[in-house]
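Me: I am new to this structure and would like to go through it step by step. Could we begin with the terms needed for its interior?

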Amino acid sequence: MSDAVDLYTDGACSGNPGPGGWGVLMLYKGSEKELCGGEPATTNNRMELMAAIQGLESLNRGVRVRVHTDSTYVKDGITKWIHGWKKNGWKNAQKKPVKNAELWQRLETAIERHDVSWHWVKGHSDHPENDRADALARQGMAPYLSKLK
């Protein structure tokens, strides 16, 4: 039995931009918790970031966390790109403002009190936990889709 919390995170968007949702499946020592939410006008990348942020922020004490995401944007952003962005005053390699900088900063704050490792999983490939996170993201998006009709 692992002493780490496993967070399976996913984001979804209907149109990009458009209504979006995020979902998190949390597993710890045989118990599980589901989180989801959404926004009326957003992007897929923002929802992928929000899933990781919401999962980490929901933990009420510092723990070892394995974040499983199908988003290379999130995984590479937080493990590789963020260092250069910070050094360059939140500008990217093209000297333009980093998209979603406020969410990257919030994610960075969320991981500070935890021992976090990042794991990429292939999306839509019959990975049961990732599929559940995807379903939660779609559930989080659903209230905003109904408002379009």
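Reply: A nonpolar core is a set of buried Ala, Val, Leu, Ile, Met, Phe, Trp, Tyr and Cys residues joined through side-chain atoms within 4.5 Å. Buried means under 20% relative accessible area, exposed means over 50%, and partly exposed lies in between (1.4 Å probe, protein chains only). This is a predicted model, in which local features need pLDDT of at least 70 and side-chain atom pairs count only at pLDDT 80 or more, while totals for chains, interfaces and linings use all residues. Residues are numbered from 1 along each chain as its sequence is written, and side-chain values use heavy atoms, with hydrogens and water left out.

Me: Which residues touch the most other members of the largest nonpolar core?

Reply: They are L7, L56, V65, W104, L107 and W118, in a core of 32 residues. At least two residues each come from β1 (5-13), β2, α1 (44-57), β4 (64-69), α2, α3 and β5 (115-120). Helix α1 gives the most, with seven residues. Helices (H or I, at least four residues) and strands (E, at least two) are DSSP runs, numbered from the N terminus.

Me: Next topic: how many salt bridges does the structure hold?

Reply: There are nine salt bridges, each being a side-chain nitrogen of Lys or Arg within 4 Å of a carboxyl oxygen of Asp or Glu. One of them joins the side chains of E32 and R132, at 2.6 Å from N to O. E32 belongs to strand β3 and R132 to helix α4 (residues 128-146), so this pair ties together parts that are 100 residues apart in sequence. E32, E34 and R132 are linked in a network of salt bridges.

Me: And which residue forms a salt bridge with K80?

Reply: The partner is D76, with the closest N and O atoms 3.5 Å apart. Both lie in helix α2 (residues 72-87), four residues apart, about one turn of the helix. K80 counts as exposed because its relative accessibility is 51%, whereas D76, at 18%, counts as buried.

Me: Where are the residues of the K86 and E108 pair?

Reply: K86 is in helix α2 and E108 in helix α3 (residues 101-111), 22 residues apart. Their side chains meet in a salt bridge of 2.5 Å, N to O.

Me: What about disulfides: how many does the structure hold?

Reply: It holds zero; a disulfide is a pair of cysteine sulfur atoms within 2.5 Å.

Me: Which residues line the largest pocket?

Reply: The lining consists of V5, M26, L27, Y28, S31, E32, K33, S58, L59, N60, R61 and V63. Strands β2 (18-28) and β3 (31-42) each supply at least two of its residues. On a 1 Å grid over the protein atoms alone, a pocket is an open set of points where a 1.4 Å probe fits, with protein on both sides within 12 Å along at least five of seven lines, and lining residues have an atom within 4 Å of a point.

Me: Last one: where is the cis peptide bond?

Reply: It joins N16 and P17, with omega of about 15°. P17 is in the loop between β1 and β2.
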